[in-house]
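Hi everyone, thanks for coming.

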Amino acid sequence: MVRCFWQFIFALSLVGLLSGCDSGGGSSPSDENMGEPPSVTISTPESGSEFSRADTIRFVGEAEDPETGQITGEDLVWESSTDGVIGTGEEITAVLSADLHVVTLRATGESGQSAEDTVSVPVNGPPTVTVNSPSDESAAKNSETVALEG
């Protein structure tokens with residue numbers, strides 16, 4: 001009777017080993033991508049694009065979680081280095097202040113891992129003019145040519 005018990009236990013352990021249920025801590029194929037950060041790409045605007053302060057700028061990007069696939073909606077956050085968060089989702093539009101912006105698309109995957117892509121977006125404002133000469137107290141005749149320095 002004892003011998004049959006041990007034979008039964010031995011047979012069960014063989015079945016466990018053959019079916020991949022060993023206690024060796026092996027990983028299943030779906031565990032291989034656990035905890036990996038998503039891949040993120042900004043496609044629009046392209047690097048080198050320039051804009052004016054009044055322009056509505058279109059931003060398009062995508063992200064993929066290696067575990068669950070496409071990332072959408074609130075898990076995609078667009079942020080400007082100057083203006084802060086400017087939107088969420090795969091595609092947004094924004095009017096940015098005059099400055100050189102570094103715009104970041106940050107994606108958060110199912111496992112909580114995040115990744116980002118960035119693009120530099122120069123937004124030009126109106127030119128600034130400083131006149132040093134003539135001084136504020138100067139006067140000129142209507143036909144007189146005045147040279148400005150600044």
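Let's start with one side chain: is Trp-78 buried or exposed? Trp-78 is buried, at a relative accessible area of 0%. By buried I mean under 20% relative accessible area; exposed is over 50%, and partly exposed is in between, using a 1.4 Å probe and protein chains only.

Some housekeeping. This is a predicted model, so to speak of a local feature we need pLDDT of at least 70, and side-chain atom pairs count only at pLDDT 80 or more, while totals for chains, interfaces and linings use all residues. Residues are numbered from 1 along each chain as its sequence is written, and side-chain values use heavy atoms, with hydrogens and water left out.

Now the layout. The protein chain has 1 helix and 9 strands, and from the N terminus the order is α-β-β-β-β-β-β-β-β-β. Those are DSSP runs numbered from the N terminus: helices are H or I with at least four residues, strands are E with at least two. Of the 150 residues, 22% count as buried.

Back to Trp-78. What does its ring pair with? Phe-59: the ring centres are 5.6 Å apart and the planes sit at 50 degrees, so we call the pair tilted. The rule is that rings of Phe, Tyr and Trp (its six-membered ring) pair if their centres lie within 6.5 Å; planes under 30 degrees apart are stacked, over 60 edge-to-face, and the rest tilted. Phe-59 is in strand S3 and Trp-78 in strand S5, so the pair ties together parts 19 residues apart in sequence. Phe-59 is buried too, at 0% relative accessibility.

Both names turn up in the largest nonpolar core, which has 20 residues; among those with the most contacts inside it are Phe-59, Trp-78, Ile-57 and Val-121. A core here is a set of buried Ala, Val, Leu, Ile, Met, Phe, Trp, Tyr and Cys residues joined through side-chain atoms within 4.5 Å. S9 gives the most to this core, with 4 residues.

Thr-104 is buried at 11%. Leaving out residues up to four places away in sequence, Thr-104 touches Val-77, Trp-78, Glu-79, Glu-116, Asp-117 and Thr-118, where a contact means heavy atoms within 4.5 Å.

Last stop, Val-131. Val-131 lies in the segment after strand S9 (114–124), and at 45% relative accessibility Val-131 counts as partly exposed.
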